[in-house]
Amino acid sequence: MLTGFLSVLQLSDSAFPSGRYTLSSGLETLAQTGRLATPGDPALLSALLGDHLRLAVAPSDGIGLVCAHRATATPDSLDLELVTSADERLTAVKLSREARETSTRTGRALLRVATSTFGARAVSHYARHVQSGRSPGNHAVVLGVVSACLGVPRPESVAGELFAFSANWVAAAVRLAVTDHSTAQAVLHEVRPVMAEAALHVVDKDVPDIASCTPLLDVMAMLHEESELRLFAS
Amino acid sequence: MTRRDDLAWCTPTELPEELLTFGGTVRDGLAVGAPGKTGVLDLALAQRAGRTKVIRQYQRAPLHIYRPIYLDPGRPDMAFVFLQQQGDGIVQGDRCRVDIDCEPGSAVHVTTQASTKVFAARDNFATQLINLRVGAGAVLEYLPDPVVPFRGSRLFQRTSLSAAEDATVILGEILLPGRVAHDEAHAYDLYWTETEAYDLDGKLLFADTLRLRPGQVGDPRSPGVLGGYDIVATLFVMCSRMSPPDLVALLRDALAEVPDVLAGVSELPAGCGAAVRMLGHTSTAVQAAMRTAWSGARTSLVGAPAPDLRKG
């Protein structure tokens, strides 16, 4: 059991080479358009991160992840139909181009590392499927397959992903100068119950439940594509 | 067709738990499934002698249409259909279903006569199921007037679109915060709309959800949801004749000078077109911006700018 816990730490580590640190998920546009002051109000940062988690990341990527996890009964067996339908629906609910591109780019990076490092048959099976263009290879879906192979239970897998998203988001906030290191950790601590609740809320959901509803954050993600001066890829 | 008499025929499947919790027995009004509560509108339109005409029409109260009109001098073949709802709006217990089949080569514009009011619900909720099918080379514009959800209203709507690869579809929705003149803003219990687009083989192209629950998870006042704006609108433009990056550039240009709205444009998944998401403070500003985006897309894709719809 402790090895599963250690795998969560490894997969959610900011040093894991999936390229997540290049993403701001619209935060850069919030800062550039003056919607966040420098420094921004910590309560507003927590509320924005909470909306991301509850209304976008958990019900879309989170459910994609749990479906992929469920599709991976053992490290040697994969329900390709289920994992692909989750992968395809996840792409279908990402209405901004950058959101789709960054999700599949980080997904492929994770697949490369996982294939060469973890050696589970289900992972290489799915990697071939993605390489041949039969599945989009979204990061959350790849992570679901990998986590299941590494013996991480579903709730921990989703919670780990929500944490990794949040830790990266507050790190981006520091780089964008909308907060400082210490406040960033306070925000991360503050949203901990939101992560836990959102993870448990989606852990038993299924492919048709994959959805996302954050209109303002969507507009920010779309406007980011037009931005010429940028630090982040989303 | 006895199926149309069936309550299940009119009700979306797999309704969310958050809606079903409102599924009580209607105490002061017509029960769910009663006559007048399961509106049906089933239309097919096809090109006949140079004009798109209604070739199949079945309607049951409270839904109906009048004869289509032809009001666009730039597209004299295009049928303009105005959906009507008897009794002023949507009330609890309503289970309405609209099916619109646009046959290959047809050109159809569907709108409403006025904004759609959703009245307060005490015991139950209302649903609308809208199935749109657009055949090869056909054009469908589905642009209803804004929805006005009253205090305490509960609406679930599912719009399911199936479109041929070379069809042109412009699909829009605008949500107002309520009866602004009564200082009513986002006081409904629940407003939940799902839009799903498929190709003719049933492959999902994109899916979008607007799930708003004031005072709960999904509060429209939350900064990532409407972020202090009152009005949200979405426009989907699907067309294979223009590349998605060009379509995005066209819509961004059209919206660049539009005042008082915050609008984002991006490419839809599966390379099937572009999406516009828009937020604003007034109905006038958002409706004007939506019309500008629609007209810009229409000029390139349908061959004529947005016509005067004569709604007064």
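Tutor: Before we start, contact means heavy atoms within 4.5 Å. The model is predicted: local features need pLDDT of at least 70 and side-chain atom pairs count only at pLDDT 80 or more, while totals for chains, interfaces and linings use all residues. Residues are numbered from 1 along each chain as written, chains are lettered from A and ligands numbered from 1 in written order, and side-chain values use heavy atoms, leaving out hydrogens and water.

Student: Okay, at what angle do α3(A) and α8(A) pack?

Tutor: About 140°, with axes 9 Å apart, for α3 (residues 42-71) and α8 (residues 154-175) of chain A. Helices are DSSP runs (H or I, at least four residues), and axes are lines fitted to C-alpha atoms, with angles from 0 to 180 degrees between N-to-C directions. That angle makes α3(A) oblique to α8(A), as under 35 degrees is roughly parallel, over 145 roughly antiparallel, 65 to 115 roughly perpendicular and the rest oblique.

Student: Which residues meet there?

Tutor: Among them are A:Leu45, A:His52 and A:Arg70 from α3(A), and A:Glu161, A:Phe165 and A:Trp169 from α8(A).

Student: And how do α4(A) and α7(A) lie to each other?

Tutor: Roughly antiparallel. The axes of α4 (residues 80-93) and α7 (residues 139-149) of chain A cross at roughly 155° and come within 9 Å. A:Val83, A:Ala86, A:Asp87 and A:Leu90 in α4(A) meet A:Ala140, A:Val141 and A:Val145 in α7(A).

Student: Switching topic, how many salt bridges link chain A and chain B?

Tutor: Five, by the rule (a Lys or Arg side-chain nitrogen within 4 Å of an Asp or Glu carboxyl oxygen). A:Arg97 pairs with B:Glu267 in a salt bridge, closest N and O atoms 3.5 Å apart.

How values were computed:
Helices (H or I, at least four residues) and strands (E, at least two) are DSSP runs, numbered from the N terminus.
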